[in-house]
Amino acid sequence: MAQRLRPVGIDFVETAPVRLVFAREIGAAPDAVYRALAEGTSDWPKWFSALTSARESDGRREIRLRGGARFEETVIVAKAPDVYAYRIDVTNLPGPRAWIEEWRLTPAGTGTRVQMTFALDGTGPFLAAVRLARAGVGGSVRGAIAALDRRLAGKVS
């Protein structure tokens with residue numbers, strides 16, 4: 001059953017009860033990474049293996065994950081080439097009350113330090129499950145960032 005989450009602003013990234021932060025340095029330049037995030041939503045499943053589909057229209061995103069989780073999202077920050085963030089507005093997952101995902105891109109030599117932050121609030125059981133899933137989520141995110149880097153380098157179609 002779909003549930004509507006509390007609308008929060010970008011400041012929630014710093015104040016959320018649970019924050020999962022994952023980072024990795026890659027060879028691609030920040031502007032190329034930003035374009036892949038902000039302009040290539042439909043291509044996300046090609047490099048982020050947890051996703052089965054992704055669509056964007058007029059700043060709204062529809063995301064489906066393996067396992068059946070679904071999200072309706074609103075892009076809340078699109079500041080090239082530094083930050084791309086979206087708020088989950090509706091999901092079929094039980095327990096979340098507020099959720100933002102932020103991608104922060106920082107130059108690192110000739111490449112980019114890519115940092116993804118999950119900012120979350122929810123019921124006690126939901127937050128406990130999120131904390132337990134930290135290692136798996138981190139592996140998925142870092143793997144996706146590496147796959148995006150290979151894709152941007154032209155090593156993957």
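Start by selecting G154. This glycine follows helix 5, and its phi is positive, near 80°. Helices (H or I, at least four residues) and strands (E, at least two) are DSSP runs, numbered from the N terminus.

The model is predicted, so local features need pLDDT of at least 70 and side-chain atom pairs pLDDT 80 or more, while totals for chains, interfaces and linings use all residues. Residues are numbered from 1 along each chain as its sequence is written, and side-chain values use heavy atoms, without hydrogens or water.

**Stop 1: helix 5**

Select residues 134-152. These 19 residues form helix 5. At 1.5 Å a residue, counted for one less than the number of residues, the helix should span 27 Å. Its end C-alpha atoms are 27 Å apart, which agrees.

Now colour G138, V141, A144, I145, A146, A147, L148, D149 and R151. They are the buried residues of helix 5. Buried means under 20% relative accessible area, exposed over 50%, and partly exposed in between (1.4 Å probe, protein chains only). What covers them? Show strand 2 (18-26), helix 2 (30-38), helix 3 (44-47), strand 7 (96-108) and strand 8 (111-122), which are among the covering elements.

**Stop 2: helix 2**

Stay with one of those covers. Helix 2 is itself mostly covered, with 7 of its 9 residues buried. Pick out P30, A32, V33, Y34, A36, L37 and A38 to see the buried ones.

**Stop 3: T112**

Move to strand 8 and select T112. Is T112 buried or exposed? T112 has a relative accessible area of 0%, so it counts as buried. The T112 side chain reaches the backbone oxygen of A28 at 2.6 Å.

Show the other contacts (heavy atoms within 4.5 Å). Beyond its neighbours within four places in sequence, T112 touches residues including R24, I26, P30, V33 and L105.

**Stop 4: R61**

Jump to strand 4 (residues 60-65) and select R61. R61 is buried, at 2% relative accessible area. Which side chain does the R61 side chain meet in a polar contact? Select E73: the distance is 2.6 Å. A polar contact is a pair of N or O atoms within 3.5 Å; within protein, one must be able to donate a hydrogen and the other to accept it, and residues adjacent in sequence count only if both atoms are side-chain atoms.

Setting aside residues up to four places away in sequence, R61 also touches others, among them L37, W44, F71, Y84 and Y86.

**Stop 5: two loops**

Select D58, in the loop between strand 3 (51-57) and strand 4. D58 is not a glycine, but its phi is positive, about 55°. D58 counts as exposed, at 78% relative accessibility.

Then select P81, in the loop between strand 5 (70-79) and strand 6 (83-91). The peptide bond from A80 to P81 is cis, with omega near -10°.

**Last stop: the largest pocket**

Select L65, W99, E101, F118 and V137. Of the 25 residues that line the largest pocket, these lie nearest its centre. Helix 5 returns here, giving the most to the lining with 4 residues. Strand 4, strand 5, strand 7, strand 8 and helix 4 (124-132) each supply at least two. Finally, colour the lining by type: 20 nonpolar, 2 polar and 3 charged. Ala, Val, Leu, Ile, Met, Phe, Trp, Tyr, Cys and Pro count as nonpolar, Asp, Glu, Lys and Arg as charged, and the others, Gly among them, as polar. A pocket is an open set of points on a 1 Å grid over the protein atoms alone where a 1.4 Å probe fits, with protein on both sides within 12 Å along at least five of seven lines; lining residues have an atom within 4 Å of a point.
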